[in-house]
Amino acid sequence: MDESFVFLIFGATGDLSQRKLIPAIYNLYRKNMLPMPFNLLAIGRRDIEDKDFRNQVKTSLLSKDYDEKTIDEFILRIDYFKMDLVHCINYDDLKQFLKVKYDTSNYLYYFAISPELYCSTAKRLNASDLNDEEDGFKRVIIEKPFGHDLESAIELNKNLHKYFNEKQLFRIDHYLGKETVQNILVARFANGIFEPLWNRNYIEYVEITSAESLSVGTRAGYYDKAGALRDMVQNHLLQVLALISMEPPINTSSKALRDEMVKVFQSLRPIKKEDVPKLVVRGQYVNSIYEGKEVLGYREEKNIPKDSKTETYVALKCYIDNWRWSNVPFYIKTGKALATSVTEVVIHYKVNPHSIFRNNEEISSEHNQLVIRIQPDAGFLMTFQMKVPGAGFKVQPVKMDFHYSSLQETDIPEAYERLIYDCLIDDPTLYQRSDAIELTWNFVQPILDAWKEDESIALYGYPARSWGPRYIENLLAEENHPWRFPCKDLSDGRYCEL
Ligand code: BG6
């Protein structure tokens, strides 16, 4: 990539920009992956001098142990532009500033702003011709949440398409930028040993778990309107499900890959509203004592309504109705304030049809498991049975594992780093297409509707820092499908119904 460009961050003083975006672009700069000259225009509504903003960035980058000389060079490439996106309806000043200040007309806009402002910002960029690609590229990266439900997602796509064409729009889902998530494809399609067994004949069920030990923190305003289903399932975890279950694409081109992912979303068996209580469990954390200290319940957190019914935990069972996966259950579960932080996929293989060791007291035919650990300590782990040394044929499960950390001197790029770079080289493969977004909303919509319309659907309390509601057993009732708990349940054992 040799074209210089300006990286414009709308919402530059916000949390996402400070924690993720600026460090990501800094990393690209430090690794000489950006064309020169490169400039970053930080747009925010606060009144800040260039030098103060640069110093803020410097302090935050230094806290991550980066080298000061490179940071000093980097921050000189940052300018700050004050603009209140709610009230400013004319972007001609911005246009003039860009024209005078920089030698390039290639602009990459990052919308790290409140979703209510996506449309108006796009509209105003259009009104000032700042979307016009005649003299250079104009691309927009749009953060999640992309819509609040199916209808709003369709509306948002429709509106954005009035001002930017699909090729200019990059809808980000940072899970697709994670090295270990992409590695699912390599593990499946670059090895001969997994794919032949990757289907209903050999796989009994699949678990996709994303547990977070952190509570809602400072994000009450956003989270209470979203909840776990919108925040994690509609986007991140369905993307993981698609990579796990898709057919092999003919190559890694963005069209081939995204077409296959879309086919998975098209094949998801819709969960009917009346089946929601049976197939979906929702929960909310309540206060608990963890390691001797009190942990607040969700409703006691700052800015959360005392009667909030927002789910901080969701577990669901779904099916992919196609030839490969017919009747194989996929369990997706995620929550905040859980026992530990871990994201992983577990493939549970079928047990042997007949166990010749069954006369032994030990269980001799457990499910073999392939654990794809996305974070932390990313890697792959296989469990299988081996003989216990000594007399007879006692069998015990053992593990074979690979950890990314054992690849020495490997710099694993942060998700945002990879995704911003891909946008610069105009590669949308790891970004979401509008049809995929609408299909994933289409899948979760009946669940949202059922929860809204039927007050009697339970919202289960679970003690903060436990493994979630005990009532997940509802999902497992029909089959004997134990879940893998990556660490011991440290809860105090209290469960209740809210
Ligand atoms: C974000 C959600 O998209 O992803 C957060 O809004 C969640 O609630 C986060 O904590 C999880 O991302 P990661 O990379 O920490 O797994």
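Start by selecting helix α1 and helix α12: Leu 16, Lys 20, Leu 21, Ala 24, Ile 25, Asn 27 and Leu 28 in α1 meet Tyr 416, Glu 417, Ile 420 and Tyr 421 in α12, where contact means heavy atoms within 4.5 Å. Eight residues of this contact between α1 and α12 are nonpolar, one is polar and two are charged; Ala, Val, Leu, Ile, Met, Phe, Trp, Tyr, Cys and Pro count as nonpolar, Asp, Glu, Lys and Arg as charged, and the others, Gly among them, as polar.

The model is a predicted one, in which local features need pLDDT of at least 70 and side-chain atom pairs count only at pLDDT 80 or more, while totals for chains, interfaces and linings use all residues. Residues are numbered from 1 along each chain as its sequence is written, and side-chain values use heavy atoms, with hydrogens and water left out.

Now display the two helix axes. Helix α1 covers residues 15-30 and helix α12 residues 415-424; their axes come within 8 Å and cross at roughly 65°. Axes are lines fitted to C-alpha atoms, for helices over the stretch in contact, and angles run from 0 to 180 degrees between N-to-C directions. The crossing of α1 and α12 is right-handed, the term for a near helix turned clockwise from the far one by less than a right angle. Helices (H or I, at least four residues) and strands (E, at least two) are DSSP runs, numbered from the N terminus.

Next, select the loop between α1 and β2 (38-44), where Pro 37 is found. A cis peptide bond joins Met 36 to Pro 37, with omega about -5°. Asn 32 is in this loop between α1 and β2 too, and has a positive phi of about 55° although it is not a glycine.

Move to the loop between β5 (138-142) and α6 (150-163), which holds Pro 145. Lys 144 and Pro 145 are joined by a cis peptide bond with omega about 5°. Asp 149 also lies in the loop between β5 and α6. Leaving out residues up to four places away in sequence, Asp 149 touches Trp 441 and Gln 445.

Finally, select the ligand. Around it are Lys 144, His 174, Tyr 175, Lys 178, Glu 212, Arg 219, Asp 231, Met 232, His 236, Lys 336 and Gln 375, each with a heavy atom within 4 Å. This shell has two nonpolar, three polar and six charged residues. Helix α9 (residues 228-245) supplies the largest share of the shell, three residues.

For His 236 the distance to a ligand oxygen is 2.7 Å, and a polar side-chain atom of Gln 375 lies 2.6 Å from a ligand oxygen.

Terms used: A polar contact is a pair of N or O atoms within 3.5 Å; within protein, one must be able to donate a hydrogen and the other to accept it, and residues adjacent in sequence count only if both atoms are side-chain atoms.
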